[in-house]
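Work through the exercises below with the sequence and the structure at hand. Try each task before reading its solution.

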Amino acid sequence: MRPEPSSAALDALAHRRARAKLGWFAHAAVYALVNLGLIVLSLAQGRHWAVFPLLGWGLGLFFHGLGVWVFAPGNPVMAHMVQRERERLARTGR
């Protein structure tokens, strides 16, 4: 069993995760606004080139989201993976 984190440690982790989530929301808002402008510009020119920055930047936003929502410290997915690694290391003695 691992020791319970202190109140200060929980507060620091909560602040870190909240900042990361706010950063992702800001990234998503800028993505939406800029790409909306690019789509309007693209359609005004009678072309469909805006799909390329939309997809490229969208991929970056997706990976940013994975880092914030799935693999961030203190997240249940990450905590489960760390626990499995601890158990594996305890079994092998390394």
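**Exercise 1. Confidence**

Task: Find which element of the chain has the lowest mean pLDDT and which the highest.

Solution: The model is predicted, and pLDDT is the predictor's confidence in each residue. Among the elements of the chain, helix H3 (residues 76–92) has the lowest mean, 85, while H2 has the highest, 96. For the chain as a whole, the average pLDDT is 90, and 94% of the residues score at least 70.

**Exercise 2. The span and faces of H2**

Task: Compare the span of H2 with the expected one, then work out how the buried residues of H2 are arranged around its axis.

Solution: Step 1. H2 covers residues 51–70 and has 20 residues. From first C-alpha to last it reaches 27 Å, close to the 28 Å expected at 1.5 Å a residue.

Step 1. The buried residues in H2 are Gly58, Leu61, Gly65 and Val68. Seen down the axis of H2, they fall within an arc of 85 degrees, so they line one face of the helix.

Step 2. The spacing follows a general rule: an α-helix has 3.6 residues a turn, so residues three or four places apart point the same way.

Step 3. Phe52, Leu55 and Phe63 are exposed on the other side of H2. The cover over the buried residues of H2 includes H1.

**Exercise 3. The largest nonpolar core**

Task: List the residues of the largest nonpolar core and say which element gives the most to it.

Solution: Step 1. The core has five residues, namely Trp24, Ala28, Tyr31, Leu61 and Val68.

Step 1. H1 and H2 are the elements that give two or more residues to this core. H1 gives the most, with three residues.

Step 2. Take Leu61 as an example. Leaving aside neighbours within four places in sequence, Leu61 is in contact with Trp24, His27, Ala28 and Tyr31.

**Exercise 4. Aromatic pairs**

Task: The structure holds five aromatic pairs. Classify the pair of Trp24 and Trp69 and the pair of Tyr31 and Trp57.

Solution: Step 1. For Trp24 and Trp69, the ring centres are 6.0 Å apart and the planes stand at 90 degrees, so the pair is edge-to-face. Trp24 lies in helix H1 and Trp69 in helix H2, so this pair ties together parts that are 45 residues apart in sequence. Trp69 counts as partly exposed, at 35% relative accessibility.

Step 1. For Tyr31 and Trp57, the centres are 5.5 Å apart with the planes at 90 degrees, so this pair is edge-to-face. Tyr31 lies in helix H1 and Trp57 in helix H2, so the parts tied together are 26 residues apart in sequence. Tyr31 is buried, with a relative accessible area of 16%, whereas Trp57 is partly exposed at 26%.

Step 2. Trp24 and Trp69 also belong to one aromatic cluster with Phe25.

Methods: Residues are numbered from 1 along each chain as its sequence is written. This is a predicted model: local features need pLDDT of at least 70, side-chain atom pairs count only at pLDDT 80 or more; totals for chains, interfaces and linings use all residues. Side-chain values use heavy atoms; hydrogens and water are left out. Rings of Phe, Tyr and Trp (its six-membered ring) pair if their centres lie within 6.5 Å; planes under 30 degrees apart count as stacked, over 60 as edge-to-face and the rest as tilted. Helices (H or I, at least four residues) and strands (E, at least two) are DSSP runs, numbered from the N terminus. Buried means under 20% relative accessible area, exposed over 50%, partly exposed in between (1.4 Å probe, protein chains only). A nonpolar core is a set of buried Ala, Val, Leu, Ile, Met, Phe, Trp, Tyr and Cys residues joined through side-chain atoms within 4.5 Å. Contact means heavy atoms within 4.5 Å. pLDDT is the predictor's confidence in each residue, from 0 to 100. The expected span of a helix is 1.5 Å times one less than its number of residues. The arc is that of the directions from the helix axis to the C-beta atoms.
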